[in-house]
Amino acid sequence: MPDTTFARHVIGLNYLAIGIENIGSDDMPLTKAQLTANERLIRHLKRKYPIDYVIGHHEYQNFQTTDLWKEADPNYRTVKTDPGDKFMNQLRKKLSDLNLKPVPQL
């Protein structure tokens, strides 16, 4: 999708999030090539937009108690496991020079 199109990809944060879709699963972890592609894409997007956070799908619920959270259906929640802590830790390490904000803790 164009980066100007609204999508429903991250519960509670759709109105301000840019989603990056990766193909993988718990049984098929994301690859080093995907890690590199994510890093490059996020750096490109950061030059275009004021990005404060980079989060994994599995981390969206950590924003429920922040002012950023806007979900019209208070019962709409799903359990996500992707892309996982290992991938996100590696990605954040590669992006550390961007001084992104840490994900809030529940």
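Author: A search of the whole structure finds 2 aromatic pairs, where rings of Phe, Tyr and Trp (its six-membered ring) pair if their centres lie within 6.5 Å, and planes under 30 degrees apart count as stacked, over 60 as edge-to-face and the rest as tilted. One of them joins Tyr53 and Phe63 in an edge-to-face arrangement, with 5.0 Å centre to centre and 90° between the planes. Tyr53 and Phe63 both lie in the loop between α1 (32-48) and α2 (85-94), so the pair ties together parts that are 10 residues apart in sequence. Helices here are DSSP runs (H or I, at least four residues), as strands are (E, at least two), numbered from the N terminus. Tyr53 is partly exposed, with a relative accessible area of 26%, whereas Phe63 is buried at 2%; buried means under 20% relative accessible area, exposed over 50%, and partly exposed in between (1.4 Å probe, protein chains only). In the pair of Tyr60 and Trp69, the ring centres are 6.1 Å apart and the planes stand at 15°, so this pair is stacked. Tyr60 is buried at 2% relative accessibility, and Trp69 is buried at 14%.

The model is predicted, so local features need pLDDT of at least 70 and side-chain atom pairs count only at pLDDT 80 or more, while totals for chains, interfaces and linings use all residues. Residues are numbered from 1 along each chain as its sequence is written, and side-chain values use heavy atoms, with hydrogens and water left out.

A charged side chain also meets a ring: Lys70 lies over the face of Tyr15, at 4.5 Å from the ring centre. The criterion is that NZ of Lys or CZ of Arg is within 6 Å of the ring centre and within 35 degrees of the ring normal.

Helix α1 has 17 residues and should span 24 Å at 1.5 Å a residue, which agrees with the 25 Å between its end C-alpha atoms; the expected span is 1.5 Å times one less than the number of residues. Its buried residues are Gln34, Leu35, Asn38, Glu39, Ile42 and Leu45. Seen down the axis of α1, these fall within an arc of 140°, so they line one face of the helix; the arc is that of the directions from the helix axis to the C-beta atoms. On the other side of α1, Lys32, Ala33, Arg40 and Arg47 are exposed.

What covers the buried residues of α1 includes α2. Leaving aside neighbours within four places in sequence, Gln34 is in contact (heavy atoms within 4.5 Å) with Asn22, Ile23 and Phe87. Gln34 counts as buried at 18% relative accessibility. Leu35, on the basis of residues beyond four places in sequence, touches Phe87, Gln90, Leu91 and Lys94.

The largest nonpolar core has 11 residues, among them Leu35, Ile42, Leu45, Phe87 and Leu91. Such a core is a set of buried Ala, Val, Leu, Ile, Met, Phe, Trp, Tyr and Cys residues joined through side-chain atoms within 4.5 Å. A second, separate core of 7 residues includes Val10, Leu13, Phe63 and Trp69.

Ile18 belongs to the segment before α1 and is partly exposed, at 36% relative accessible area.
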